[in-house]
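We begin with contacts, then move to cores, rings and charges.

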Amino acid sequence: MTNSQRSNPGVFASVAATDADGQTVTHTISAGTLVAGLTLETNGTLSGTATEVANDTTYTFTVSATDGTNTNTRQFTATVLKPITVTYDVIAGGGGNAVDQGGNREAGSGAGGWLEGSFDATAATTYSVTVGGGGSGRSQGSSSSISGSGLTTIQSTGGGSGGNRDGVGGNNGGSGGGGWYTSAYGTGISGQGNDGSGAGGSNNWSGGGGGGKGSAGSVNNTKGVGGSGYTSSINGGTYCVGGDGDRYSGHNADSNAGANTGGGGSGAGNGGSGRVHVKLLTSTYSSQSGGSVSTSGDYTIIQYTGNGSFTTAS
């Protein structure tokens with residue numbers, strides 16, 4: 001017997017002997033180990049909830065059935081399957097600052113927020129994936145998410161846009177946008193990204209850099225420096241680099257972040273769109289829509305650069 005309800009182990013079965021004379025039969029465990037969390041009732045019912053296991057675990061036990069005079073025994077095996085664990089990266093779109101104000105004077109925008117972790121999924125369930133776009137025209141990037149029945153939605157926040165010489169400061173977001181001159185920089189969300197940076201260096205007209213997933217923004221005598229990116233444990237790629245800012249003169253950082261990098265726009269550049277990665281044991285994976293599928297050892301990896309979904313095995 002096998003418990004196939006990985007995310008919700010429950011009653012396995014009943015083991016019942018009958019007596020030709022109609023006498024009451026009593027059942028007991030006479031050898032081996034019953035599944036942890038289950039109880040064998042005297043009438044042969046196996047009841048209770050199997051204790052969750054870290055790895056698929058097989059139990060072997062013997063049931064004795066007696067009417068007080070005659071006794072029969074039978075050996076059983078039962079396997080408790082470990083939960084379906086889904087590991088994820090949820091990367092939001094980076095902020096943009098595409099409002100060029102006559103030259104090298106725009107602060108860098110923040111990278112998109114990045115959430116990483118894992119959750120126990122439900123068997124035979126479809127989960128939806130949303131990938132956020134990058135910001136443009138001085139706007140925050142859009143959020144990315146994983147959602148589904150029984151799951152608290154996992155949603156990362158888009159990066160904040162950078163400040164400009166008109167006194168508008170950097171906006172908050174997954175990572176904060178950089179400030180310009182005397183304007184404040186934006187703050188990031190703990191666990192998703194970092195703060196931007198204000199002006200500094202020997203020329204205080206430098207624009208601050210946007211925050212990244214790996215570090216806060218900073219500034220030197222040439223430009224605002226975007227915060228560093230972060231490396232995915234699922235696919236080894238580096239994403240969510242904060243955008244660079246411009247100096248008042250002598251340096252123009254204007255450039256768009258790459259598509260699906262979650263990066264912040266540099267200077268008057270647009271933010272990069274986000275992405276989502278999921279990884280689960282191939283034996284617990286059923287199908288998907290959207291995304292690109294690959295395998296690594298016992299695991300299936302799905303990388304989404306647009307919206308999609310995936311379904312777990314039954």
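Start at Val276. Leaving aside residues up to four places away in sequence, Val276 touches Asp89, Val90, Val129, Thr130, Val131, Ser144, Ser145, Ile146, Ile302, Gln303 and Tyr304. Contact here means heavy atoms within 4.5 Å.

This is a predicted model, in which local features need pLDDT of at least 70, side-chain atom pairs count only at pLDDT 80 or more, and totals for chains, interfaces and linings use all residues. Residues are numbered from 1 along each chain as its sequence is written, and side-chain values use heavy atoms, with hydrogens and water left out.

Now the overall build. The protein has zero helices and 20 strands. Both are DSSP runs numbered from the N terminus: helices are H or I with at least four residues, strands are E with at least two. Of the contacts with a separation of 6 or more, 54% join residues 24 or more positions apart. Buried residues make up 48% of the 314 residues. Buried means under 20% relative accessible area, exposed means over 50%, and partly exposed lies in between (1.4 Å probe, protein chains only).

Val276 is among the residues with the most contacts inside the largest nonpolar core, which has 20 residues. Val86, Phe119, Ile146, Val278, Tyr304 and Phe310 are also on that list. A nonpolar core is a set of buried Ala, Val, Leu, Ile, Met, Phe, Trp, Tyr and Cys residues joined through side-chain atoms within 4.5 Å. Strands S7 (84-91), S8 (114-121), S9 (126-130), S11 (151-156), S16 and S19 (299-304) each give two or more residues to this core. S7 gives the most, with four residues. A second, separate core has 14 residues, including Leu40, Ala50, Phe61 and Ala78. In soluble globular proteins, nonpolar side chains tend to be buried together.

Turn to the rings. Rings of Phe, Tyr and Trp (its six-membered ring) pair if their centres lie within 6.5 Å; planes under 30 degrees apart count as stacked, over 60 as edge-to-face and the rest as tilted. The count comes to six aromatic pairs. Phe61 and Phe76 form a stacked pair, 6.0 Å centre to centre with 25 degrees between the planes. Phe61 sits in strand S5 (residues 57-66) and Phe76 in strand S6 (residues 71-80), 15 residues apart. Phe61 and Phe76 are buried. Elsewhere, ring pairs link Tyr88, Phe119, Tyr127 and Phe310 into a cluster.

Which charged partner does Lys223 have? Lys223 forms a salt bridge with Asp244, and the closest N and O atoms are 2.8 Å apart. Lys223 lies in the loop between strand S12 (218-219) and strand S13 (224-225), and Asp244 in the loop between strand S15 (238-239) and strand S16 (275-281), so the pair ties together parts 21 residues apart in sequence. A search of the whole structure finds one salt bridge. The cut-off is a side-chain nitrogen of Lys or Arg within 4 Å of a carboxyl oxygen of Asp or Glu. Lys223 is partly exposed, at 22% relative accessible area. Asp244 is buried, at 19%.

Finish at Cys240. Cys240 is found in the loop between S15 and S16. Cys240 counts as buried because its relative accessibility is 0%. Among the residues that Cys240 touches are Ile91, Trp114, Lys213 and Thr261.
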